[in-house]
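Dear colleague,

I am passing this structure on to you, and my notes on it follow below. Please read them with the model open beside you.

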Amino acid sequence: MIALIQRVTQAKVVVETQTIGEIGQGLLVLLGVEKQDDKAKAERLVEKVLNYRVFSDNEGKMNLNVQQINGEILVVSQFTLAADTHKGLRPSFSNGAPPTLANELYQYFAQKCAEKINTATGQFAADMQVSLTNDGPVTFWLTV
């Protein structure tokens, strides 16, 4: 399971001209699910995302996590994160989870986040337009 996290001052996701998820300061989480992933991996990744220290403390050091700053999370499914790009000029998606499993684990990840922090989501398998203001920019690739 892969989470590309971006520290943002704001982010939103639009589907067919309708804003379906929006946050202020916090983390945009682009979530990729691979075929070997399960709920245990999702839970470990939730803990990592919620506790990863990417926000500045009073001394300007990245010592605070999203919960400590009372931030929010926007979770957006992104199957392309599971792409194998090692060979050729076209990505292979053979590592990606089948849609049923991917959606189940995406929903589970978002639910577990929402139990601890204000969480918005995109729409699984939809054509989404995601906009954000990357704060820093600060972006990290997290895996479990």
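How many aromatic pairs does the count come to by the ring rule? Rings of Phe, Tyr and Trp (its six-membered ring) pair if their centres lie within 6.5 Å, with planes under 30 degrees apart called stacked, over 60 edge-to-face and the rest tilted, and by this rule there are 3 aromatic pairs. One of them joins Phe79 and Phe93, a tilted pair with 5.1 Å from centre to centre and 55 degrees between the planes. Phe79 is exposed at 57% relative accessibility, whereas Phe93 is partly exposed at 36% (buried means under 20% relative accessible area, exposed over 50%, partly exposed in between, with a 1.4 Å probe and protein chains only).

Tyr106 and Phe124 also form a tilted pair, 6.1 Å centre to centre with 35 degrees between the planes. Tyr106 is in helix α2 and Phe124 in the loop between β7 (119–121) and β8 (129–143), so this pair ties together parts 18 residues apart in sequence; helices (H or I, at least four residues) and strands (E, at least two) are DSSP runs, numbered from the N terminus. Tyr106 counts as buried, at 1% relative accessibility, while Phe124 is partly exposed at 23%.

As for the basis of these notes, this is a predicted model, in which local features need pLDDT of at least 70, side-chain atom pairs count only at pLDDT 80 or more, and totals for chains, interfaces and linings use all residues. Residues are numbered from 1 along each chain as its sequence is written, and side-chain values use heavy atoms, with hydrogens and water left out.
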